[in-house]
Amino acid sequence: MAAVRLFLLSLFVFCLRTNPSHAIGEDVHLIDFKESLKDSSPLDSSWIKGSNPCDAKKPWQGIDCSDTGSQAVSAILLMNRGLSGAGPDLDIDALSKLGSLRFLSLENNSFSGPLPEFNQLSSLRSLFLSGNQFSGEIPQGYFDKMGSLKKLHLARNKFTGPIPGSLTKLSNLMEMWLQENEFSGSVPSFEQNLCSRSTCLTTSCKEKFRKACQDFQRRFSRETLTSAALSSPSNAKLRWHQHQERRTISPKNPTSLAPSPSG
């Protein structure tokens, strides 16, 4: 009897210490999201309930687990898949249960309606939604809880109203595309964040950074935002380029932030 108890205890400890090959239940959460789409047929062949989304031998289309050592879903890459669905119907709550999700792209599909509650995904670092038919106003406080966001692409949709002021509070934001929408009103003061984030180490770099910020403030702080201005490539960018020892800003557009290839 003592030997049996010892065996059972050892088995119990072994089970506690054994890591699963993938996060339990992630296939269920992904299937829940898939089922909330209007047309998800492009995913049917690989998104199979009960299988491992991170299995390198039988990968799920558009699923990447490389940032977690193939243990959990870290990125959903569903751009150009012919997917469709109405914003309010998308099951974002299911995606919020993917604890390691940091990158979400639904670019160049046929999603429509109001912007879904992607702000539930507070740990996202990149959100790419360009090239859909999302529409309507984005609530001013929509991005309040998305402090980890570094890249945001909302271009080529049908958003209206003012640009959300909560975007100016995203201290980690490095890249943003809003062109080809129907935004209106005044340009938010993005420069207040950007001009405080220089990582220059030399005096000459700091001086260039200061002059670039001053120029940006002078040109855009009182500008009115129009759909024409946002859709014009020549009006498109506020860039900063981060190199080994300096960061400089070339102010050309208050609605787009793009890092250099090396950044």
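Isoleucine 138 lies in the loop that runs between strand 7 (133–137) and strand 8 (151–153). Strands here are DSSP runs of E with at least two residues, helices are runs of H or I with at least four, and both are numbered from the N terminus. The model is predicted: local features need pLDDT of at least 70, side-chain atom pairs count only at pLDDT 80 or more, and totals for chains, interfaces and linings use all residues. Residues are numbered from 1 along each chain as its sequence is written, and side-chain values use heavy atoms, without hydrogens and water.

Isoleucine 138 has a relative accessibility of 3%, so it counts as buried. Buried means under 20% relative accessible area, exposed over 50%, and partly exposed in between (1.4 Å probe, protein chains only). Contact means heavy atoms within 4.5 Å. Neighbours within four places in sequence aside, isoleucine 138 touches Leu115, Phe143, Leu154, Phe159, Thr160, Pro164 and Phe183. Proline 162 sits 24 residues away from isoleucine 138 in sequence, yet their C-alpha atoms are 7.9 Å apart.

Helix 2 (residues 26–35) is mostly covered, with seven of its ten residues buried. These are Glu26, Asp27, His29, Leu30, Ile31, Phe33 and Lys34. Their cover includes strand 1 (63–64), strand 2 (75–77) and helix 3 (92–95).

The protein chain as a whole holds six helices and 16 strands. Of its 263 residues, 44% are buried. Among contacts with a separation of 6 or more, 56% join residues 24 or more positions apart. The accessible surface of the chain is about 13600 Å² (Shrake-Rupley method, 1.4 Å probe). Carbon and sulfur atoms account for 50% of that surface.
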